[in-house]
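Here are my notes on this one, written for someone who likes to know the cut-offs. Have a look at the sequence and model first, then read on.

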Amino acid sequence: MIKHLHNPANSDILDEYVHHTKLASLYPELLTKESVAWMVRQRHVNGLDAICKQFRGRIYIHVPSFQQWFLEEDHDAEA
């Protein structure tokens with residue numbers, strides 16, 4: 001029998017990931033659901049692939065890494 005191990009330290013790390021559809025609601029002044037969907041579809045081109053995790057067919061984004069990506073990348077060059 002497999003026992004479920006709960007480690008509160010790991011919970012903090014998992015809390016840093018959000019489903020990609022929720023990202024727009026975290027930053028409504030910057031993002032729309034459509035813009036996030038486009039960024040996720042283009043993640044292999046725009047560098048977001050490194051901060052995305054796919055689990056059971058759903059894509060989750062690591063929020064602290066997204067913030068860093070947003071601040072460091074030249075997003076106008078991709079338009």
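1. **Ground rules.** This is a predicted model, so to speak of local features takes pLDDT of at least 70 and side-chain atom pairs count only at pLDDT 80 or more, while totals for chains, interfaces and linings use all residues. Residues are numbered from 1 along each chain as its sequence is written, and side-chain values use heavy atoms, with hydrogens and water left out.

2. **Layout.** The chain has five helices and three strands, in the order α-β-α-α-α-β-β-α along the sequence. Both kinds of element are DSSP runs numbered from the N terminus (helices: H or I, at least four residues; strands: E, at least two). Of contacts (heavy atoms within 4.5 Å) between residues at least 6 apart in sequence, 47% join residues at least 24 apart.

3. **Burial and surface.** Of the 79 residues in the chain, 25% are buried. Here buried means under 20% relative accessible area, exposed over 50%, and partly exposed in between (1.4 Å probe, protein chains only). The chain exposes about 6,200 Å², with 55% of it supplied by carbon and sulfur atoms. Those areas come from the Shrake-Rupley method with a 1.4 Å probe; for residues, only the protein chains shown count as cover.

4. **The core.** Which residues touch the most other members of the largest nonpolar core? They are L23, L31, V36, M39, L48, I61 and F66, out of 15 residues. Two or more residues each come from α2 (20-26), α3 (33-41), β3 (58-62) and α5 (63-72). A nonpolar core is a set of buried Ala, Val, Leu, Ile, Met, Phe, Trp, Tyr and Cys residues joined through side-chain atoms within 4.5 Å.

5. **Helix α5.** V63, F66 and W69 are buried here. Viewed down the axis of α5, the buried residues fall within an arc of 115°, so they line one face of the helix. The arc is taken over the directions from the helix axis to the C-beta atoms. Cover for the buried residues of α5 includes β1 (17-19), α2, α3, α4 and β3. L71 and E72 are exposed on the other side of α5.

6. **Helix α3.** The buried residues in α3 are V36, M39 and V40. Their arc around the axis is only 100°, which puts them on the same side of α3. Among the elements covering them are α2, α4, β3 and α5, while E34 and R41 are exposed on the other side of α3.

7. **The salt bridge.** How many salt bridges are there? The count is one (a side-chain nitrogen of Lys or Arg within 4 Å of a carboxyl oxygen of Asp or Glu). The side chains of D49 and R43 form it, at 3.8 Å, N to O. R43 sits in helix α4 (residues 43-46) and is buried at 14% relative accessibility, whereas D49 is partly exposed at 36%. Not counting residues up to four places away in sequence, R43 touches L48, D49, C52, Q54 and I59.

8. **Surface patch.** L30, F70 and L71 make up a nonpolar patch on the surface, with about 320 Å² of accessible area together. Patches are made of residues with over 30% relative accessible area and no salt bridge; like charges are joined within 9 Å, and nonpolar side chains (Val, Leu, Ile, Met, Phe, Trp, Tyr) within 5 Å. F70 lies in helix α5 and counts as partly exposed because its relative accessibility is 32%.
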